[in-house]
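Let's take a friendly tour of the pockets in this model, and then stop at a pair of helices.

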Amino acid sequence: MDYVRLMKPRVMSLVVFTALAGLVAAPVDMNPIIAATSILAVAVGAGAAGALNMWYDADIDAMMARTISRPVPAGLIRPDEARSFGLIMSALSVTLMALAATPLAALLLAFSIFFYAVVYTMWLKRSTAQNIVIGGAAGAFPPVIGWAAATGSAPLDAWLLFGLIFLWTPPHFWALSLWTSKEYARAGVPMLPVTKGAAETRRQILVYTLIFMPFALAPVATGLGGAIYLAVASVGGAAFLWSAIRVFLSKAGDADGKADLRHAKSLFGISILYLFALFAALLVERALPLYWPVAS
Amino acid sequence: MTVETPTPEVAPLTPEQAKARKRRGQWIALGLFAFVILVFVLTMTKMGANILVRDL
């Protein structure tokens, strides 16, 4: 069970879901065994990256209430075991992807594990307030990997899905950091509220949300998303934007803004729901299929 | 003349540690077995169609 927790199952579930959406949205029929194995490879790869993250971050995880009970800081798994587990699982997942699907999918999977474990965890996280902006790319790869597993290529539509998650990550994560900034400060992690303050964080949440909103509608323009996707993106997007505006107008993260943290928590919840709904809409449209084109 | 190999001192495992190690070993064995089966099934899936279209 500790090894399951080491693989960050909740993060893994979102990764698997977005990879599945990319795989299903790709315009080819795929053998179900090969498709299932590709998704398994993505899941194992995501878990491996999570294990490497927990190994490297054990020191700062031990300083934060949110992460102190993770298997390594809690003493349930030794750091070197977590590292070996992560490395072996990484190799296994990339090998499995190469055997099951396409070389491009295996290459992208390997790169995303490297990006999360090395570029984000070992480098960006402790050195810049833009850590999650750039590091968000690691979490944005799964739909492209799914698409590449199905077709062997990664066209514009696949990168649109990448862009969706990439632009979604900053407002999502900064909402969380508004109520965990004290812990990040204690652990020496330069999250935006720690280095630039809560007001600047609230402003950047709104700026990124405003950039993200039209981008969420872009798949409709290319024909990737249909009527259901448009409805979900519009209604959910309005809720997301309203929630971001409420955070911007609040004092969430300030010394006297404890009561307003509920707005940040609400945005955090809505952001997860919104991303899930967008990819669920794509899945429903393509898998059932219930696709009605909107773009001419 | 024989040279005795020094035996490193190893702290004995507690019953809980021994149990955990056994359980871990079983999971690794199961995982490896599943991997082998999966690679076999994948190979059959990918080769299957091609075998049927070979020249006789």
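## The largest pocket

This is a predicted model, and its largest pocket has a volume of about 1,800 Å³. The lining of that pocket counts 42 residues, and those lying nearest the centre are A:Y3, A:F85, B:R24, B:W27 and B:I28.

Which helices supply at least two residues each to this lining? From chain A they are α1 (2-6), α2 (9-25), α3 (32-56) and α5 (79-100), and from chain B there is α1 (15-52). The most comes from α1(B), which gives 15 residues. Sorted by class, the lining of the largest pocket holds 28 nonpolar, six polar and eight charged residues.

## The second largest pocket

Next comes the second largest pocket, with about 1,400 Å³ of space. Its lining is made of 50 residues, and A:K8, A:R10, A:V11, A:Y116 and A:F173 are the ones nearest its centre.

Here the helices that each supply at least two lining residues belong to chain A: α2, α3, α6 (103-124), α7 (131-140), α8 (142-151), α9 (156-187) and α13 (261-287). In this lining, 29 residues are nonpolar, 14 are polar and seven are charged.

## Where α7 and α8 of chain A meet

Two of the helices that line the second largest pocket, α7 and α8 of chain A, deserve a look of their own. The axes of α7(A) and α8(A) come within 6 Å and cross at roughly 35°.

On the α7(A) side, A:A138, A:G139 and A:A140 take part, meeting A:P142, A:P143 and A:V144 of α8(A). This contact is made up of five nonpolar residues and one polar residue, with no charged ones.

Note on methods:
Residues are numbered from 1 along each chain as its sequence is written. Chains are lettered from A and ligands numbered from 1 in the order in which they are written. This is a predicted model: local features need pLDDT of at least 70, side-chain atom pairs count only at pLDDT 80 or more; totals for chains, interfaces and linings use all residues. Side-chain values use heavy atoms; hydrogens and water are left out. On a 1 Å grid over the protein atoms alone, a cavity is a set of points where a 1.4 Å probe fits but cannot get out, and a pocket is an open set with protein on both sides within 12 Å along at least five of seven lines; lining residues have an atom within 4 Å of a point. Grid points are joined across faces, edges and corners, and a volume is the space filled by probe spheres set on the points. Helices (H or I, at least four residues) and strands (E, at least two) are DSSP runs, numbered from the N terminus. Ala, Val, Leu, Ile, Met, Phe, Trp, Tyr, Cys and Pro count as nonpolar, Asp, Glu, Lys and Arg as charged, and the others, Gly among them, as polar. Axes are lines fitted to C-alpha atoms, for helices over the stretch in contact, and angles run from 0 to 180 degrees between N-to-C directions. Contact means heavy atoms within 4.5 Å.
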